[in-house]
Number of protein chains: 2
Amino acid sequence: MSNVELEAFSEWLEHLYDPRSVAVVGASDDIKLPGGRVLQFLLGYGYKGAVYPVNPNRAEVQGRKAYRSLLELPERVDCAIVLVSAAASVGVLEQCAALKVPVVMFGNSGFAETGPEGAVLQARVSEIAQGAGIRLIGPNTNGIINSRNGFTATFSPVLDQQGLVLHDGPVAIVSQSGAVGASLYYDGQRSGLPVGRLYNSGNEIGITLEMVVDAMLDSPANITTVLCYVEGLRRPDLFVKAARKATLLGKRIVLLKSGVTAAGAQAAAAHTASLAGEDRVYDGVLHQLGVARARGFAHLLDIGRVLVAYPRPFGRRASIASISGGVGIMLTDALERAGMGLAAFTETVRAEIEPILPQFLGLQNPLDVSGGPFHYLDRLRALLQIFDRNPESDFSIIAVGAFERRQMEIAEVLADEAKKCAKPVFALWFGGGDQATRYLNGQGVPCFLDAERLVQAIAPGLRRDPSGQQALPDEFQPNVAAARAVIDAALAAGRTVIDEVGGKRILAAYGIDVVDERVVDSPAAALAALAALRLPVVAKLRSDALVHKARAGGVRLGLDNGVSVGTAVAELLKLARDLGLPDADVVLQEQVPPGVELLLGAKRDATFGMVVTLGIGGVLAEAWDDVQIRLADGALDVRDMLGRLAHQSLLDGTHGQARVNAAILAPTLRRFARMVVDLTDDIEAVDVNPVIVHDGARAPTAVDTVFFLRGKAS
Amino acid sequence: MSNVELEAFSEWLEHLYDPRSVAVVGASDDIKLPGGRVLQFLLGYGYKGAVYPVNPNRAEVQGRKAYRSLLELPERVDCAIVLVSAAASVGVLEQCAALKVPVVMFGNSGFAETGPEGAVLQARVSEIAQGAGIRLIGPNTNGIINSRNGFTATFSPVLDQQGLVLHDGPVAIVSQSGAVGASLYYDGQRSGLPVGRLYNSGNEIGITLEMVVDAMLDSPANITTVLCYVEGLRRPDLFVKAARKATLLGKRIVLLKSGVTAAGAQAAAAHTASLAGEDRVYDGVLHQLGVARARGFAHLLDIGRVLVAYPRPFGRRASIASISGGVGIMLTDALERAGMGLAAFTETVRAEIEPILPQFLGLQNPLDVSGGPFHYLDRLRALLQIFDRNPESDFSIIAVGAFERRQMEIAEVLADEAKKCAKPVFALWFGGGDQATRYLNGQGVPCFLDAERLVQAIAPGLRRDPSGQQALPDEFQPNVAAARAVIDAALAAGRTVIDEVGGKRILAAYGIDVVDERVVDSPAAALAALAALRLPVVAKLRSDALVHKARAGGVRLGLDNGVSVGTAVAELLKLARDLGLPDADVVLQEQVPPGVELLLGAKRDATFGMVVTLGIGGVLAEAWDDVQIRLADGALDVRDMLGRLAHQSLLDGTHGQARVNAAILAPTLRRFARMVVDLTDDIEAVDVNPVIVHDGARAPTAVDTVFFLRGKAS
């Protein structure tokens with residue numbers, strides 16, 4: 001979609017959530033049926049627009065005059081909700097087209113999700129809608145909700161109850177599963193999360209989740225936090241765009257993706273690509289884009305609570321006051337595991353706390369306050385202010401519980417005092433506290449029932465180290481023509497694989513240090529080549545047909561004089577003859593001194609396109625299985641990528657190896673990423689392993705590589 | 001404690017929970033004070049025994065006649081609850097001693113937890129109690145609860161509320177933190193977990209958590225599941241004993257330990273030992289003992305729900321019926337991540353399901369059933385029975401939600417039908433369902449609000465593969481005298497370290513294959529030694545003063561003829577002279593062909609004593625950081641230990657290495673464990689790295705090792 005189209009869509013979305021009139025096609029008296037529930041909800045939740053039941057067989061539905069068809073309505077409605085069978089819905093859509101109804105929601109199932117016949121029907125529906133300029137929601141969606149005006153265009157039984165009051169707010173939920181979206185909406189509402197809007201995208205024939213997310217960010221309804229449930233992105237490009245827009249606007253997107261395991265993906269009837277890999281791509285790319293990733297339904301709502309209360313990122317040092325020493329320890333454990341920690345209590349802080357606590361309690365963080373501050377609430381207020389003033393502290397946690405009868409009294413004081421604090425305040429309520437928890441969440445003091453849940457919810461709200469994100473100036477200008485010449489030559493020769501010799505020419509053209517090497521085809525040529533190489537060298541047999549050089553005996557290490565080089569080359573060429581490899585020659589390569597072996601890679605991901613990989617390399621790279629993946633982008637944050645690798649002791653010199661210096665590695669990674677971007681149309685994947693990182697200021701050296709080209713077919 | 005003492009304690013515990021009369025010393029009218037709340041709870045929760053308030057300043061407390069001291073009571077009470085100041089409590093205890101009160105609970109703080117003065121007071125209290133044969137609960141405990149008889153000897157404000165009815169049941173909660181224990185008790189009770197008893201152990205001067213856990217297992221009150229919150233085990237030996245008893249009785253212990261990170265441990269003012277390591281010891285030992293480990297408060301109760309409902313271990317294949325496709329996928333992801341999976345639906349199963357579902361829904365597992373079976377509950381019953389009959393299925397999960405108004409109707413049918421099933425049934429209620437969740441848990445159908453939580457709760461209930469647990473017969477008889485001779489010689493020479501040569505003699509005496517080697521002190525001796533060794537060999541300089549042989553240039557590899565061996569030995573001895581190492585000699589060692597490098601270790605853990613380690617070895621063992629730790633025990637389950645290592649691809653031949661065969665490795669590990677048990681009094685730690693595992697039936701070879709002895713001081 002162009003920007004103009006997105007803008008038009010964004011306006012349309014506002015109309016969608018605020019129609020003046022709506023028709024329910026398939027309206028029923030029976031609330032076991034979708035057409036019964038939609039009508040009941042629209043009439044019951046305060047929607048002020050006109051509501052027209054349409055049912056050819058009834059004069060009245062739920063006490064309202066019913067119409068036999070859309071054609072008989074007294075006005076052109078803003079929105080038609082269609083709940084008749086899939087087959088019958090085609091005719092209804094044709095009526096909508098004739099009447100120029102701008103919004104049509106297809107709540108019915110029976111389309112592409114059921115198989116080939118349904119897919120044909122869906123294509124027909126799509127065609128009619130497109131022809132008439134109708135933006136169709138669904139099919140197979142259970143609808144949308146606007147909390148502000150009571151426009152509850154959904155048949156989810158979640159609203160079928162008494163006493164539910166919808167609270168408006170800056171959170172939007174956008175879901176590819178109707179049941180998931182509805183339950184998230186309800187659990188959010190009843191736990192005090194201010195969810196203003198719900199959108200369930202269903203089969204997404206016209207409107208995809210990404211379009212809605214993007215438009216929500218522009219909404220005049222001031223949506224600041226968008227919570228998404230995704231089974232598979234249909235428009236990842238648009239999602240990336242929306243995520244970048246969110247960052248600029250200071251808004252946040254949180255994403256829960258299902259189908260992340262092989263079995264889960266099969267259950268989702270999803271992509272055929274390697275799923276474990278794909279999930280890691282999501283992980284890396286979402287992190288890169290600043291999109292928080294949720295691990296489950298509760299986690300999605302929990303993150304939402306934190307981000308809507310505290311949209312500005314905060315630091316990692318917590319001050320804790322806990323009714324129980326045990327809970328304080330559990331919180332400390334959970335914080336430490338998540339990379340957070342305890343704020344230092346200065347002398348001033350201790351001196352201020354002392355009068356508040358009984359003498360037998362200690363003054364260290366986490367503070368075991370026992371019941372006092374909850375019996376005598378002025379002490380609770382004082383503690384919060386002391387924490388807030390401490391320059392060593394970034395946020396406060398009050399852990400309380402077991403005050404079932406007095407929970408609201410405590411919660412009200414906590415909420416009131418938290419509003420006076422400059423820094424975030426969180427609550428952990430352990431032992432009862434349902435009402436207090438709901439109240440505190442509603443008041444913007446995120447409250448949790450479990451230490452681990454609290455900490456996992458906080459993590460996406462933390463400030464990121466910005467030091468590595470700025471692109472360092474890099475004067476180097478790549479020789480694109482030289483790189484492309486290598487590719488063109490390979491393609492001209494009908495090859496889609498470029499071996500290490502050609503690959504290193506491409507890398508060198510992009511300013512990446514590569515090992516010095518010469519290709520030779522005789523012992524005499526080898527001796528001549530030695531003039532240009534430093535000893536010792538490695539000799540490797542090279543042939544298109546030879547995949548595992550080392551296993552075939554085709555690699556000789558540590559050759560440190562002319563005689564051994566000559567002998568090795570002669571032996572390798574004999575081996576080639578024995579193996580029947582007429583194209584074979586030998587690569588003589590300087591032996592690079594040992595350092596930290598990393599890998600650099602690129603591949604075409606089925607969802608996000610070309611992505612770049614940085615990880616632990618060497619012969620056991622697969623066993624380490626420790627990589628970070630990002631969208632190919634010239635401003636990659638090397639420090640952040642290194643910092644998120646699991647095996648940190650391989651990077652910090654612990655084992656007597658070199659230390660990996662992010663500043664030295666940065667140009668290599670960024671030039672590699674630039675190469676990937678430049679050559680995107682030509683390459684399918686690149687593997688550089690090992691890249692040897694040296695001590696000191698020497699740039700990393702690429703020792704081995706292979707390029708896979710897309711070839712002409714693609 | 002001897003078995004007889006434990007038996008006596010077990011009887012005592014039953015009296016503790018069922019006293020005929022109780023005195024509250026420090027009783028008050030003010031329920032902000034502990035002495036106010038205990039009295040209120042005892043009078044309010046239906047306890048039928050006599051309750052005597054003791055308060056020197058009041059004639060009446062809470063409408064009951066008050067006594068000035070214990071000495072004035074009309075009878076000798078079974079239990080005295082003491083809530084006066086720490087200083088005043090000594091006098092009260094002396095009265096208890098004089099009156100021969102069998103149970104005294106010290107709820108007051110101000111003892112060892114506050115510093116040296118409190119510790120002195122605590123020692124005095126301990127002395128009086130011991131002298132009088134009083135078993136004292138606490139001090140610094142907030143008490144105990146018996147749900148059956150309303151004996152609520154606690155001042156936790158958790159009970160200060162209206163409408164709470166205590167439900168008896170087979171779950172016991174035993175906690176080292178009073179606030180944690182009380183909150184767990186309450187959250188358990190109100191969520192339908194049948195918690196019969198709560199015990200908060202406080203400062204544990206006479207009675208430790210382990211004693212109580214052990215006694216609970218023997219209780220005639222039929223406790224089947226003991227949930228523990230632990231900050232540090234004081235009697236780990238007793239805990240191990242109790243865990244083994246639980247296994248024999250078919251009962252289960254679940255443990256939540258706090259202070260597992262360095263910061264958490266500091267907060268807990270706990271042990272000084274390396275905590276990261278220590279936590280791994282807990283992990284391995286608890287797994288070995290069949291004790292489920294909880295990661296947080298909610299997880300502890302969740303596991304309790306599953307184990308109390310389904311005490312018999314079950315298999316890993318789930319049948320899922322979900323109201324939402326999305327929830328089905330999330331469940332599948334969560335199951336797969338936790339090592340469980342989906343049951344196959346046979347043709348029969350599909351044929352049976354088909355009539356129940358609308359045609360547009362698929363028949364694969366996880367079953368997306370939409371709303372039908374929840375609107376028409378006979379379909380729900382039928383589905384459960386179909387799942388239960390499927391021989392491919394081990395347990396069923398019903399995922400429902402969003403039926404707030406009809407939740408109890410659905411829950412009752414689910415509970416009723418689940419009782420007719422032979423296999424476990426679990427519920428996931430997503431979108432509301434608080435009342436249904438509570439009801440289902442109370443009915444023994446564990447119900448959760450989140451897919452991940454459900455799966456994490458199920459995991460400890462699964463059947464373990466018993467194949468590796470039986471000790472294979474091993475005819476080998478170790479030469480204990482030979483091993484001890486090496487140790488004695490070292491100790492006699494004033495050494496507490498035994499190097500690889502001596503170490504391998506000990507290993508060999510225990511039937512572990514070691515690399516063939518000879519120690520030589522001249523090139524001539526080296527040539528003579530070659531007669532007994534296979535070429536190539538490795539030459540290593542050996543000296544007590546030489547820690548990093550390789551870094552000092554003291555290792556020569558791949559010596560494949562007499563000349564190179566002679567030269568290497570001469571050079572190494574020269575190096576020794578240059579380095580000023582008068583004790584140096586050279587070890588000539590057969591070069592072992594490459595295989596999988598593992599490590600075997602033993603160390604004296606501060607909590608559990610000697611433990612054995614099996615993990616990924618080699619020079620980067622620390623970087624892999626991938627080990628399993630167990631109590632030293634001759635019946636170690638090698639298959640299970642290997643299976644829980646993280647880097648499985650290093651074990652299965654993926655990288656062209658040998659495959660690690662558990663059956664071949666088993667004797668090596670078990671003989672090593674036997675050695676550790678035999679030599680426990682002499683050794684402090686052992687490191688064998690690498691142990692090279694070969695392809696085929698050849699036993700693994702220990703290549704390098706070091707033994708650390710305890711020395712005479714200990």
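Biologist: Is Q657(B) buried, exposed or partly exposed?

Modeller: Let's count neighbours around the residue in this predicted model. A residue is buried if 20 or more other C-beta atoms lie within 10 Å of its own, and exposed if 12 or fewer do. Q657(B) has 19 other C-beta atoms within 10 Å, so it is partly exposed.

Biologist: Where in chain B does Q657(B) lie?

Modeller: Look at the loop between α23 (638–643) and α24 (662–678) of chain B; Q657(B) lies there.

Biologist: And which residues does Q657(B) touch, not counting residues up to four places away in sequence?

Modeller: Leaving those out, Q657(B) touches G595(B) and V596(B).

Biologist: Let's turn to chain A. How many helices and strands are there in chain A?

Modeller: Chain A has 24 helices and 31 strands. Its C-alpha trace spans about 100 × 80 × 40 Å along the principal axes, and 50% of its 714 residues count as buried. Another way to read a chain is through its contacts. Taking those in chain A with a separation of 6 or more, 71% join residues 24 or more positions apart.

Biologist: Which residues in α14(A) are buried?

Modeller: They are L380(A), L383(A), L384(A), I386(A) and F387(A). Seen down the axis of α14(A), the buried residues fall within an arc of 160°, so they line one face of the helix.

Biologist: What do the buried residues of α14(A) pack against?

Modeller: Their partners in chain A are the strands β15 (317–322), β18 (395–400) and β19 (425–429), along with the helices α12 (347–353), α13 (372–375) and α15 (407–419).

Biologist: How many residues does the contact take from chain A and from chain B?

Modeller: Chain A gives 70 residues and chain B gives 69. Several elements of chain A contribute two or more residues to the side that touches chain B, including α5 (178–190), α10 (297–309), α11 (325–337) and β16 (341–342). The largest share of that side, 10 residues, comes from α11(A).

Biologist: What is the make-up of that side of chain A by class?

Modeller: The side of chain A that touches chain B has 29 nonpolar, 26 polar and 15 charged residues.

How values were computed:
Residues numbered from 1 in each chain as written. Chains lettered and ligands numbered in written order. Predicted model: local features only at pLDDT ≥ 70, side-chain atom pairs only at ≥ 80, totals over all residues. Helix = DSSP H or I, 4+ residues; strand = E, 2+ residues; numbered from the N terminus. Arc of directions from axis to C-beta. Contact = placed C-beta atoms within 7 Å. Nonpolar A, V, L, I, M, F, W, Y, C, P; charged D, E, K, R; others polar.
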